[in-house]
Amino acid sequence: DLTQFDDFEELGRYESSISRAIFSGYLSGFIVGHQDNTLRPNAPIAYREVEFVMRKILNDESFNWSSTAQNMQNETGHLSEGLEDDGAYMTRGEAAYFLFRLIE
């Protein structure tokens with residue numbers, strides 16, 4: 001029941017599709033929410049959050065954004081802020097690149 005999170009209403013008009021995705025991730029342990037009892041569905045995602053989720057999804061505690069960022073830089077020339085600061089926010093382009101490479 002995602003209504004237990006203080007910011008549940010932020011799911012807004014996307015409530016049904018996002019709720020299903022977040023709830024599925026929550027049940028699987030991929031999504032745990034924040035210490036202040038929020039989900040923050042509209043907030044940007046930090047590289048360290050990507051690492052946390054992907055370690056659980058891939059069942060690989062060694063997953064790190066740095067490896068992906070280095071591959072991305074070698075292939076595209078893009079220098080990810082995540083190489084220097086895991087608290088920085090992932091860009092949409094990086095997310096697209098990452099998801100594309102993940103399904104290959």
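Start by selecting phenylalanine 63, which sits in the loop between α2 and α3. Helices here are DSSP runs of H or I with at least four residues, strands are runs of E with at least two, and both are numbered from the N terminus. You're looking at a predicted model, where local features need pLDDT of at least 70, side-chain atom pairs count only at pLDDT 80 or more, and totals for chains, interfaces and linings use all residues. Residues are numbered from 1 along each chain as its sequence is written, and side-chain values use heavy atoms, with hydrogens and water left out.

Is phenylalanine 63 buried or exposed? Phenylalanine 63 counts as buried, at 11% relative accessibility. (Buried means under 20% relative accessible area, exposed over 50%, and partly exposed in between, with a 1.4 Å probe and protein chains only.) Now show its surroundings: not counting residues up to four places away in sequence, phenylalanine 63 touches Val50, Glu51, Met54, Arg55, Leu58, Thr68 and Phe98. Contact here means heavy atoms within 4.5 Å.

Next, select α2, residues 47-58. Its 12 residues reach 16 Å from first C-alpha to last, close to the 16 Å expected at 1.5 Å a residue. (The expected span is 1.5 Å times one less than the number of residues.) Colour Tyr47, Val50, Glu51 and Met54, which are buried in α2. Look down the axis of α2: the buried residues fall within an arc of 100 degrees, so they line one face of the helix. That arc is taken from the directions from the helix axis to the C-beta atoms. The buried residues of α2 pack against α3 and α4.

Move on to α3, residues 65-76. Where α3 starts, a side-chain oxygen of asparagine 64 comes to within 3.2 Å of the backbone nitrogen of serine 66. Which residues of α3 are buried? They are Trp65, Thr68, Ala69 and Met72. Seen down the axis of α3, its buried residues also fall within an arc of 100 degrees, so they line one face. Show α2 and α4 (92-103) alongside, as the buried residues of α3 pack against both. After α3 you'll find glycine 77, whose phi is positive, near 85 degrees.

Now pick serine 80, in the loop between α3 and α4. Serine 80 is buried, with a relative accessible area of 2%. Its side chain has a polar contact of 3.4 Å with the side chain of tyrosine 47. (A polar contact is a pair of N or O atoms within 3.5 Å; within protein, one must be able to donate a hydrogen and the other to accept it, and residues adjacent in sequence count only if both atoms are side-chain atoms.) A polar atom of the serine 80 side chain also lies 3.0 Å from the backbone nitrogen of glycine 82. Leaving aside neighbours within four places in sequence, serine 80 is in contact with Tyr47, Trp65, Ala69, Met72 and Glu94.

Finally, zoom out. The protein chain has four helices and zero strands. Colour by pLDDT, the predictor's confidence in each residue from 0 to 100: confidence is lowest in helix α1 (residues 15-28), at a mean of 62, and highest in α3, at 93.
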